[in-house]
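Subject: Structure handover

Hello,

The structure is below, followed by notes on what was found in it. Please read them with the model open.

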Amino acid sequence: MPRQPFSKPEPNPQFAALEQEILALWKTHGTFAAQVRDGGKGEFVFYDGPPFATGTPHYGHLLAGTLKDIVPRYWAMIGYKVERRFGWDCHGLPVEMEIEKDLGLKSPTEVHAYGIGRYNEACRSIVLRYTGLWQQTVERMGRWVDFDNDYKTMDPSFMESVWWVFRSLWDKNLIYRGHKVMPYSWRLGTPLSNFEAGMDYRKVQDPSVTAAFAVKGGLSALGLGEGDAHLLAWTTTPWTLPSNMGLCVGPELTYVVARQSPDGPAYILAQSLAQGVLGDHEVLATRLGTQLVGLHYTPLFDCFADAASEGAFRVVADAYVSEDQTGIVHTAPAFGEDDHRVALHWGLPLRDPVDSEGKFTGDVASIASGQAVGLFVKDADKLLIRDLKDRGLLFRQATIDHDYPFCWRSGTPLIYKALPTWFVRVESVAPGSDARPLRERMVELNATTRWVPDYVGQKRFGNWLKDAPAGTNRKSSTGWRRPHGRRGWRRRQVLGAMAWRWAGGVCLNRAESDLTALKHGRILAGSWLAEGRVAARGDFAGGGCGADVLWSAYPPVGRMCFGVPIRLSASANLLS
């Protein structure tokens, strides 16, 4: 009888005990460490997105972890060196939401009142809360990964690698500044991705308002004699009306100038919608949308009347406008993607009277005797509608039930808001460059990449590469900060690495010394950098995410991050 290569299995095996024996065997012989070697074929690089250690592992982690174990094992078995370092995501909203629950903080204002330094230290204290449980679970699964040589996104070396990428793009003149309208969580004080905005839609009831915008010159501006004329525009966001900068018509749509009674004002709206909006009416004239372009009107509110000198309060046209409601779209460039796009095309200015917590600022003090100032924008809808009604500018009011996006983390309604952000120039090349656009190169490389399943690369990711602008914006109290700022408060300086020196008001590079500037909050060696002002000079360490004066893109009202030392690539006089 031939010899059997394996012993006969036990009739009632204790699988859990057997697995523990195997784990003990691997540990005794250092099996995993012995496998991480060059078998003659070089290195296979495996990228593994790190989890947050503020929560415990769940089924999704275990499933993905199994796949992440299979692939490196295969490449190691056929002769490649495959390093596998476990990582921890220590920054961002999950950490902040956890600590804000613990501390009872409910808004960015409360975070700042608590103190950015204390807040960062509190976040730092919990980011690795469950690392022991994670290691126990992952190793119990049989996954081979290095926990002793792990990495953390709050490590200076990790953040420095991201800064190096940003600095490299900057040196190639591929970074530029602009605005982008994004889903914005006023509770968290940060924009969300479109994917995140789609995670929590809820059925809500909002006001449905048709407002009457008085045409300057009335009917005479249309060549129709004397009398008042109004453009009718509809919106479900009355709180955006103070920021109105234009009215948009469909260029190929037909509009009527009509009135409901011989002695009443004339209204301008899409011809196909006139009966439903006006009821019985007399048509004075018809016009194509292109013929209405350039008409000037009086804004509903005077808080931004000065914008008229910049080209505001006129009719523009765009093909996205359809025969819906009145066929005329109220355009607030600060609060809508299409609004912003149309404004850029036609040169309409942007006005934003809403702060980082979704509340009206003093810019709207002229409305309703200042009652809107400090109100959350959606809570101000009734006040604004009543003000329009009192002044005879409200044509129609109703309510509408529709699906509306909420922040999936905080459960609060989102708003869409234009935010200053930095973009990577992917759709064009730097001025004077003969290089190809990055987007073309990325699309080509994506076509050579094997995706599993393949439709993810061809459809979802491929379509994103073809269409998406590359923004870098995300506001967080505990994330890495873009390494840029202003030299001498005038010229921007971008950093590519870490550690400074401060000497007589001059920040020197590493070749000369090793001294840094500090972000908001944390004190080291008795020196401060508070609210963008140097309170003391001398040697101090910290860095990372300081105030606007030194190198943050935003004024010191946004959120900060863990401090790390930084290095300037050239000397910079910061006090001149």
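The buried residues of helix 6 (residues 116-126) pack against helix 4 (93-103) and helix 5 (108-114). They are Ile116, Gly117, Tyr119, Asn120, Ala122, Cys123 and Ile126. Buried means under 20% relative accessible area, exposed over 50%, and partly exposed in between, with a 1.4 Å probe and protein chains only. Helices (H or I, at least four residues) and strands (E, at least two) are DSSP runs numbered from the N terminus.

This is a predicted model: local features need pLDDT of at least 70, side-chain atom pairs count only at pLDDT 80 or more, and totals for chains, interfaces and linings use all residues. Residues are numbered from 1 along each chain as its sequence is written, and side-chain values use heavy atoms, with hydrogens and water left out.

Next, the cores. A nonpolar core is a set of buried Ala, Val, Leu, Ile, Met, Phe, Trp, Tyr and Cys residues joined through side-chain atoms within 4.5 Å. The largest one has 67 residues, and Phe213, Leu231, Tyr255, Ile268 and Phe360 have the most contacts inside it. A second, separate core has 19 residues, including Trp88, Val111, Ile116 and Trp134.

Then the aromatic rings. Rings of Phe, Tyr and Trp (its six-membered ring) pair if their centres lie within 6.5 Å; planes under 30 degrees apart count as stacked, over 60 as edge-to-face and the rest as tilted. The count by this rule is 21 aromatic pairs. Phe32 and Trp144 are a tilted pair, because their ring centres are 6.0 Å apart and their planes stand at 35 degrees. Phe32 belongs to helix 2 (residues 31-35) and Trp144 to the loop between helix 7 (131-140) and strand 2 (146-152), so the pair ties together parts 112 residues apart in sequence. Both Phe32 and Trp144 are buried.

Phe86 and Phe147 form a stacked pair, at 4.6 Å centre to centre with 25 degrees between the planes. Phe86 is in strand 1 (residues 85-88) and Phe147 in strand 2, so this pair joins parts 61 residues apart in sequence. Phe86 is buried at 2% relative accessibility, and Phe147 is buried at 8%. One aromatic cluster is formed by Phe44, Tyr74, Trp75 and Tyr80.

Two arginines sit over rings: Arg73 over the face of Trp144, 4.0 Å from the ring centre, and Arg118 over the face of Tyr114, 3.9 Å from the ring centre. The rule asks for NZ of Lys or CZ of Arg within 6 Å of the ring centre and within 35 degrees of the ring normal.

Regards

Notes:
Contact means heavy atoms within 4.5 Å.
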